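Hi,

Here is the structure I promised to pass on. Have a look at it first, and then read on for what turned up.

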Amino acid sequence: VDRLTIEVPAGVVAGLIGPNGAGKTTVMAMLLGLVRPSAGSGTVLGEPLGRPASYLHQVGALIEGPAFYPHLTGRENLALLATLGRLDPARIPSLLELVELGPRGDDRFRHYSMGMKQRLGIAAALLGDPALLILDEPNNGLDPAGIREMRDLIGTLADGDRTVLVSSHVLSEVEQSTLLGFIREPR
C-alpha cells in the first residue's frame, strides 16, 4: 500500500474496490492494528492509527473468512467469544436473528453452509455493538442466493449510525448494488 488517502465519514457504507493483491486486506489489517504502516499517519474513530488499543473496542471485523469451533453450535461459539471478550451474551439471540440464523443457532458450526458461516462471522463481529464494522470480501465463495442475502444484510447493518467498510475484488458485483445501493451520505 503506497500513498493511500481515504476518509470515510461516520455512519456510511463505503467500499475498497480492487483486484486481488491490490492491498485491500492490508489496509483493513492496518486499521485493526494487525499490520503496522511503515510510513504515514491516520486516525480511526478519531484515535491515532498507531494506537489501536484506543479504538479497537469500538471496531468489529470479519477478515479472510470466519473461524469457529466446528463441534460447537453457532450460539455456543458466540457465547465463547462473548465470554473471552467480556461482552454481553444477552445480545446473542438478537444477533442470530439479525443475521437470519435464529432457527439454526443451535446447529453445529460444521453443518453450516458457506453463507451461514459468513453470517455467523458477522454476528461475532457485532457482539460488541461496534461503531465501525470491517468486512473483508463478505461475498467470497457465496452462491447467487447467498450474495443476495449478504446484500440485504449489509443494507440492514447500514441502518443506524454504524460505519461499514466492505472490500471486494469484483467491480461488477459492486455495480449490481452490493455497495452502491447502500453507500449514502453521513447523517
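Six salt bridges come out of the count. Keep in mind that this is a predicted model.

Start with aspartate 106 and arginine 75, whose side chains form a salt bridge at 2.9 Å, N to O. Aspartate 106 sits in the loop between α3 and α4, while arginine 75 belongs to helix α2, so this pair ties together parts that lie 31 residues apart in sequence. Are the two partners buried or exposed? Aspartate 106 is exposed, since its relative accessible area is 52% and anything over 50% counts as exposed. Arginine 75, at 27%, is partly exposed.

Next, find arginine 104 and aspartate 107. Their side chains meet in a salt bridge too, with 2.3 Å from N to O. Arginine 104 is partly exposed, with a relative accessible area of 34%, and aspartate 107 is also partly exposed, at 25%.

Glutamate 47 has a relative accessibility of 25%, which puts it among the partly exposed residues.

Now back to helix α2, which spans residues 74–84. Which of its residues are buried? They are Gly74, Asn77, Leu78 and Ala82. If you look down the axis of α2, these buried residues fall within an arc of 135°, so they line one face of the helix. What do they pack against?

Arginine 86 is placed in the loop between α2 and α3. With a relative accessible area of 80%, arginine 86 is exposed.

Where else does a residue other than glycine have a positive phi? Aspartate 129 is one such place, with phi near 50°. Aspartate 129 lies in the loop between α4 and β5, the strand at 132–136. Its relative accessible area is 47%, so aspartate 129 is partly exposed, as exposed would take over 50%.

Last stop: the start of the chain. Which residues make the nonpolar surface patch of about 330 Å²? Val1, Leu4, Ile6 and Val8 do. Of these, leucine 4 is found in the segment before β1 (13–17). Leucine 4 is partly exposed, with a relative accessible area of 45%.

- Helix α2, for its buried residues Gly74, Asn77, Leu78 and Ala82.
- Arginine 75 and aspartate 106, for the salt bridge between their side chains.
- Aspartate 129 in the loop between α4 and β5, for its positive phi.
- Val1, Leu4, Ile6 and Val8, for the nonpolar surface patch.

Over to you, and enjoy the tour!

Best wishes

Notes:
Residues numbered from 1 in each chain as written. Predicted model: local features only at pLDDT ≥ 70, side-chain atom pairs only at ≥ 80, totals over all residues. Heavy atoms only, no water. Buried < 20%, exposed > 50% of the residue type's maximum accessible area, 1.4 Å probe, protein only. Helix = DSSP H or I, 4+ residues; strand = E, 2+ residues; numbered from the N terminus. Arc of directions from axis to C-beta. Salt bridge = Lys/Arg side-chain N within 4 Å of Asp/Glu carboxyl O. Patch = residues over 30% accessible without salt bridge, like charges linked within 9 Å, V, L, I, M, F, W, Y side chains within 5 Å. Areas by Shrake-Rupley, 256 points an atom, 1.4 Å probe, with all protein chains shown as cover.
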